[in-house]
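Here are my notes on the model, in numbered points. Please read them with the coordinates open.

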Amino acid sequence: MLETAYLRNHPDEARKRLAKRNIDAEGLLAHAAELDGQRRTAQQALDNELAAMNDQARAVGELMKAGKREEAEAAKARSAALKETITGLKEALATAEKALDEHLWTIPNTPQERVPSGKTPEDNVTVMQQGNIPELPAGAKPHWDLGAEYGLFSLEDGVKLTGAGFPVYHGQGAKLQRALIAFFLDRAIAAGYAEVMPPLMVNADSAFATGQLPDKEGQMYHATADDLYLIPTAEVPITNLFRDTIVEAAQLPIKRVGHTPCFRREAGSYGKDVRGLNRVHQFDKVEIVRIEAPADSNAALDEMVDHVKGLLDALELPYRQLLLCGGDMGFTSAITYDMEVYAAAQGRWLEVSSISNFETYQSNRLKLRYRGTDKKPHLAHTLNGSALALARIVAALLENNQTPGGIRIPKALEPYTGFAMIVKK
RNA sequence: GGAGAGGUGGCAGAGCGGUUGAAUGCGGCGGUCUUGAAAACCGCUUUACCCGCAAGGGUAACGGGGGUUCGAAUCCCUCCCUCUCCGCCA
């Protein structure tokens, strides 16, 4: 959530940045300012009464010690008299705080200056494109056909076991999953990210701190018996590792990488978007997470983008980099680049990575601070990005590399798969 | 799942219901001393919010929430967590 101090001290900047979202920035911020004012008024009133009560309570003790019974009783009475007002003021403050918080939760992060305004994916800006769009042989097939033909994965098996959107990988398809995961992890580790293997379920506090709750409750699988959520991305557990912490500036940047399966309900998705591996309820992903001092976070973002480009280059996939417009960005992000790969048989670009700088939006909820040179705690910046998401990478790999003699594995992956071609059994 | 013990500051560990945000020790920071270091000695050492240009002042927090009381780290209720033992088990 946004910081009230920021909104108070830089109202014009906040309004200007938020306007890119294609929402009623003016109205949202005006209401926030109003609620913030009410909260502060309530707090002042309460604090004054509490101070008065503390004075009296202290006096009771001193008078008793001095043996002045009657005066002590009088002080007791004065203190007790304040009680009712205090109870009322406490409730007033709690109400004001709740109203402010709940309103702040509805305000998305403020996009950076360079983020284009816009409403829909149409308004996203293609920053760069790289790699050759492959010429496919006659009779080339989309990955879901290839998956069946080569026995690499089965959605039907998943339906039997679980339901739609839970692929079962077999044989070389399963090995390819492991190979990609290991490859991505190794590359991230080589780039200085420390590996984490977190739990796949988190509590509500964690889901709240990274912003999945309360906004996207319906997107997560919820194990109600224990009130735990299946993670939609490793971002949630990994970032929450740093909830309620103050790190020294010297410890920054903090760089973590983790592989986890990701679980998404994807309620409301339909059509060609969900064919094959394009959109599934469970997929594997390697996620990189960084915690940075504010001055360094944008450079870190560029570094993360370069890292992902390196992976896509190594996989020999044609890809492009998109700068998302204000209307298409995630709720909690200040700037997001999407990386898309071209799946030649479908003739579509598939999003395989989303790399974002959240600035202080997450850390404010996380209470993640760093101690600056002024020795005082400040909110840190958090960033994360997929590096990379598996299912769609597999889709593109299969489609683009199909040949009459089988499906070719990129050179960089061979040491991990142990085979250079996927062949029919 | 059953029985018992316990949750206090970065760590360890005190804390008759009344100047206790909290003794003491360790650690950390600054200083004295020293050619330098160590030792010794002295001082400092949580966070959030509010008022204030600042100096400074106020409020809150001893696992979470609620209650008793003029006053709660200290008493009561409840939830969570940790440890020990038993059971079950990858």
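The points below run from the whole chain to single residues.

1. **Basis.** This is a predicted model: local features need pLDDT of at least 70, side-chain atom pairs count only at pLDDT 80 or more, and totals for chains, interfaces and linings use all residues. Residues are numbered from 1 along each chain as its sequence is written, chains are lettered from A and ligands numbered from 1 in the order in which they are written, and side-chain values use heavy atoms, with hydrogens and water left out.

2. **Overall build.** Chain A holds 13 helices and 19 strands. These are DSSP runs, numbered from the N terminus: helices are H or I with at least four residues, strands E with at least two. The C-alpha trace spans about 100 × 45 × 40 Å along its principal axes. Take contacts (heavy atoms within 4.5 Å) between residues at least 6 apart in sequence: 73% of them join residues at least 24 apart.

3. **Burial.** Of the 425 residues in chain A, 48% are buried. Buried means under 20% relative accessible area, exposed over 50%, and partly exposed in between (1.4 Å probe, protein chains only). Helix α12 (residues 390-400) has 10 of its 11 residues buried, so the rest of the structure largely encloses it. Among the buried ones are Glu399 and Asn400, along with Leu390 and Ile393.

4. **Cis peptides.** Most peptide bonds are trans. A cis bond joins Leu252 and Pro253, with omega about -5°. Pro253 sits in the loop between β8 (245-248) and β9 (254-263). Another cis bond joins Ala387 and Leu388, with omega about 10°. Leu388 belongs to strand β16 (residues 381-389). Please check both bonds.

5. **Positive phi.** Most residues other than glycine have a negative phi. Glu316 has a positive phi of about 60°. Its place is the loop between α10 (297-314) and β11 (319-323). Glu316 is partly exposed, at 39% relative accessible area. Lys367 has a positive phi of about 55°. Lys367 lies in the loop between α11 and β14 (368-371). At 44% relative accessibility, Lys367 is partly exposed.

6. **A loop residue.** Is Asp24 buried or exposed? Asp24 is exposed, with a relative accessible area of 51%. It lies in the loop between α2 (11-18) and α3 (25-65). The C-alpha atoms of Asp24 and Ile107 are 9.9 Å apart, although 83 residues separate them along the chain.
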